[in-house]
Amino acid sequence: MTVTAWVATIVFVATYVLIATEKVHRVKAALGGAAIMLLVHATAAGSAFFSQESGVDWNVVFLLLGMMIIVGVLRQTGVFEYLAIWAAKRARGRPFRLMVLLLVITAAASALLDNVTTVLLIAPVTFLVCERLALPVAPFLIAEAMASNIGGTATLVGDPPNIIIASRAGLTFNDFLVHLTPLVIVLTAVFIGLCRVLFRKAFRYDPERAAEIMQLDERAAIEDKVMLVQSLSVLGVVIAAFVLHPVLHYEPSVVALLGAGLLVLVTKITTDDALREVEWPTLVFFAGLFVMVGALVETGVIAQVSQAAAEATAGRPGVTAMVLLWASAGLSAIVDNIPYVATMSPIVADLAQHVPGDHNVLWWALALGADLGGNATAVGASANVVILGIAERNGTRISFWQFTKYGLVVTVVTVALCVPYLWLRYLL
């Protein structure tokens with residue numbers, strides 16, 4: 001590697017250590033790391049801000065921005081209070097039943113929407129219902145972030161890496177539905193079982209609070225019925241546009257921004273109120289992270305590491321698929337699964353031309369490894385970062401290691417279950 005590549009690697013590792021140890025706030029660390037990458041010419045302004053391969057993924061940033069505005073308007077209608085009371089009553093105040101209900105909703109919604117949009121919608125509900133039942137909110141938020149990543153694996157639109165893979169490999173929405181959805185259903189069930197063990201200390205049942213919840217009328221929580229109808233109508237159109245992306249050819253970021261603009265226009269909410277709900281530190285963190293990873297792409301670091309692993313297994317589909325699966329899970333946990341998949345896609349496309357049998361197994365291995373590997377750390381997937389940002393904004397601090405100690409267990413178990421699935425369906 002060149003001197004610049006070594007410097008970029010050192011800067012990235014140092015920044016990641018600061019984020020992991022929380023010696024410096026993650027936004028400061030990401031911005032500082034990005035600034036140094038530009039200072040040492042590991043990347044340049046053109047590459048950092050405008051390159052599709054190694055720059056800030058503005059589609060992700062503006063998708064988040066648009067959905068944060070939409071969710072902020074929805075919050076003012078009282079609909080989240082309604083859902084919180086409804087969920088608690090359906091679970092009869094039992095904490096584990098409540099978690100199961102929230103996780104199933106999160107996983108299913110993440111398959112139809114994208115996982116970031118889902119956690120933006122479900123997190124406010126979680127805060128309210130946990131407050132009502134005097135439950136610690138952090139375990140519920142962590143579990144929901146992981147459920148969104150697992151559920152988002154099922155479809156083309158569920159997780160941003162899948163969109164990149166579909167574009168590179170020529171895969172359709174139905175391809176993901178047929179090949180990954182059955183596995184994701186099994187993984188979701190296993191994950192719920194894991195949550196019963198991992199978060200068992202959080203399931204403190206309070207009969208008095210449960211009885212109080214059962215006496216509440218969720219319909220009384222709706223504060224503005226007109227704005228609720230307007231907001232749900234716009235959200236419905238946005239969701240439909242997400243699902244119809246193959247037909248409409250509008251990027252999710254464009255759809256989200258159009259929806260946000262329309263909602264601010266038709267409702268009585270002011271622009272200041274709408275923008276006040278945006279998690280600006282989360283957006284800035286993503287931008288800094290993308291610049292740093294882009295510098296590793298520009299200097300050839302990621303390509304060299306990935307290429308070396310790929311070449312060692314060339315011509316052996318089974319070994320190649322397994323290396324891709326586990327390497328993708330590990331590397332996605334470190335560099336965020338979106339830029340990782342963007343980097344690996346050209347390499348996998350080249351490998352697929354030289355692998356006998358069903359070469360799509362390599363694409364499924366990449367998708368499963370990247371999507372599920374995003375659960376391993378607090379910065380492995382967009383949904384994780386958003387959850388941490390929302391938690392901090394609402395006065396709940398979830399540390400890097402608090403998330404990661406559960407994420408590593410979930411990732412190892414779910415990725416391990418993918419091994420027999422890939423072998424039995426594609427490699428035997």
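Which residue just after helix 5 takes a positive phi? I found Arg92, with a phi of about 55°. Helices here are DSSP runs (H or I, at least four residues), numbered from the N terminus.

Ground rules next. This is a predicted model, where local features need pLDDT of at least 70 and side-chain atom pairs count only at pLDDT 80 or more, while totals for chains, interfaces and linings use all residues. Residues are numbered from 1 along each chain as its sequence is written, and side-chain values use heavy atoms, with hydrogens and water left out.

**Helix 5**

I checked the length of helix 5, residues 79–90. At 1.5 Å a residue its 12 residues should span 16 Å, and the end C-alpha atoms are 16 Å apart, so the two agree. The expected span is 1.5 Å times one less than the number of residues.

Then I looked at burial (under 20% relative accessible area is buried, over 50% exposed, in between partly exposed; 1.4 Å probe, protein chains only). Val79, Phe80, Ala84, Ile85, Ala87 and Ala88 are buried in helix 5. Their cover includes helix 4 (58–75), helix 6 (95–112), helix 7 (115–133), helix 12 (207–214) and helix 13 (225–243).

**Helix 8**

Helix 8 covers residues 137–152. Its 16 residues should span 22 Å, and its end C-alpha atoms are 22 Å apart, in agreement. I noted that 16 of its 16 residues are buried.

**Core**

I looked up the largest nonpolar core, which has 151 residues. Such a core is a set of buried Ala, Val, Leu, Ile, Met, Phe, Trp, Tyr and Cys residues joined through side-chain atoms within 4.5 Å. Met67, Leu98, Phe191, Ile398 and Leu422 have the most contacts inside it. Helix 4 gives the largest share of this core, 12 residues.

Setting aside neighbours within four places in sequence, Leu98 is in contact (heavy atoms within 4.5 Å) with Ala87, Ala88, Ala91, Val129, Leu133, Leu135 and Phe140.

**Surface**

I found a nonpolar patch of about 620 Å², made by Val243, Leu244, Val247, Leu248, Tyr250, Val254 and Leu258. Helix 14 (245–248) and helix 15 (252–266) each give two or more residues to the patch. Patch residues have over 30% relative accessible area and no salt bridge; like charges are joined within 9 Å, nonpolar side chains (Val, Leu, Ile, Met, Phe, Trp, Tyr) within 5 Å. Areas come from the Shrake-Rupley method with a 1.4 Å probe, and for residues only the protein chains shown count as cover. Val254 sits in helix 15 and is partly exposed at 36%.

**Salt bridges**

How many salt bridges does the whole structure hold? My search gave 7. The test is a side-chain nitrogen of Lys or Arg within 4 Å of a carboxyl oxygen of Asp or Glu.

Arg26 pairs with Glu392, closest N and O atoms 3.6 Å apart. Arg26 is in helix 2 and Glu392 in helix 22, so the pair ties together parts 366 residues apart in sequence. Arg26 is buried at 16%, whereas Glu392 is partly exposed at 39%.

Glu218 and Lys89 meet at 3.1 Å, N to O. Glu218 lies in the loop between helix 12 and helix 13 and Lys89 in helix 5, so this bridge joins parts 129 residues apart in sequence. Glu218 is buried at 14%; Lys89 is partly exposed at 22%.
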